[in-house]
Amino acid sequence: MNYELKSAIFPGSFDPFTRGHADIVERGLRLFDHITIAIGVNEQKQGWIPVAERVRALREYYSDEPRIAVETYNGLTVDYARQQGIHFLLRGLRTHKDYEYELGMADVNRQLDSDIETVVLFTEANLANVSSSVVRELAHFGHDIRPWLPENLKYDLLL
Ligand code: ADP
């Protein structure tokens, strides 16, 4: 780990990764030299897109961007960050509901490890309604979800 570089972890489920997520990553790269998109794996909850496919598609999407890594982790985000020697967590904020959740998480994480700071970026107004759960619901009812996803992100379920 090069401590000269400012690195952040962008933790989430990314099931699927949306244009909202991509926007946070893009703007995050103005603040950080390197961002690890870290997909939290919960063995109890399999999710919609299999984790291996979430990783594959995102690695392909960011294959020309050396400042982005895509990884998975189990357990608490702070433990993963500590293991990686990374002190910043990047998160996005859409609504007051996100605010309350993010504030609580950031407080708990700082209590668990005072070296960890959460950096929150506000959503772009036109992306405020984009969420993974809305995309899953649209897919469930047979709608085309491509407009909600970054243009060149190719999950195998879309092929
Ligand atoms: P989690 O399950 O941890 O909430 P998500 O994959 O849903 O993970 O989201 C990861 C992060 O991206 C969260 O901080 C969430 O608020 C943020 N995010 C999701 N959608 C958007 C959006 N449209 N604009 C800005 N931030 C977003």
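Q: Which helices and strands each supply at least two residues of the shell around the ligand?
A: Strand E1 (7–12), helix H1 (19–28), strand E4 (88–93) and helix H4 (96–112) each do. Helices (H or I, at least four residues) and strands (E, at least two) are DSSP runs, numbered from the N terminus. Keep in mind that this is a predicted model: local features need pLDDT of at least 70, side-chain atom pairs count only at pLDDT 80 or more, and totals for chains, interfaces and linings use all residues. Residues are numbered from 1 along each chain as its sequence is written, and side-chain values use heavy atoms, with hydrogens and water left out.

Q: How many residues surround the ligand?
A: There are 16, and the closest are Ser-13, Gly-92, Thr-123, Leu-127 and Val-130. To count as near, a residue needs a heavy atom within 4 Å of the molecule.

Q: How does that shell divide into nonpolar, polar and charged?
A: It has 6 nonpolar, 6 polar and 4 charged residues. Here Ala, Val, Leu, Ile, Met, Phe, Trp, Tyr, Cys and Pro count as nonpolar, Asp, Glu, Lys and Arg as charged, and the others, Gly among them, as polar.

Q: What does Ser-13 do with the ligand?
A: A polar atom in the Ser-13 side chain lies 2.7 Å from a ligand oxygen atom. His-21 has a side-chain N or O atom 3.3 Å from an oxygen atom of the ligand. For Thr-123, a polar side-chain atom is 2.9 Å from a ligand nitrogen atom.

Q: And how much of the ligand does the protein cover?
A: 86% of the 550 Å² of accessible area that the ligand has on its own (Shrake-Rupley method, 1.4 Å probe).

Q: New topic. How many salt bridges are there?
A: The count is 13. The rule is a side-chain nitrogen of Lys or Arg within 4 Å of a carboxyl oxygen of Asp or Glu. One of them joins Arg-27 and Asp-23, at 2.8 Å from N to O.

Q: Where are Arg-27 and Asp-23 relative to each other?
A: Both are in helix H1, 4 residues apart, so about one helical turn separates them.

Q: What joins Asp-15 and Pro-16?
A: A cis peptide bond, with omega about 5°. Pro-16 is in the loop between E1 and H1.

Q: What about Phe-14?
A: Phe-14 is not a glycine, yet its phi is positive, about 50°. Phe-14 also lies in the loop between E1 and H1.

Conventions:
A polar contact is a pair of N or O atoms within 3.5 Å; within protein, one must be able to donate a hydrogen and the other to accept it, and residues adjacent in sequence count only if both atoms are side-chain atoms.
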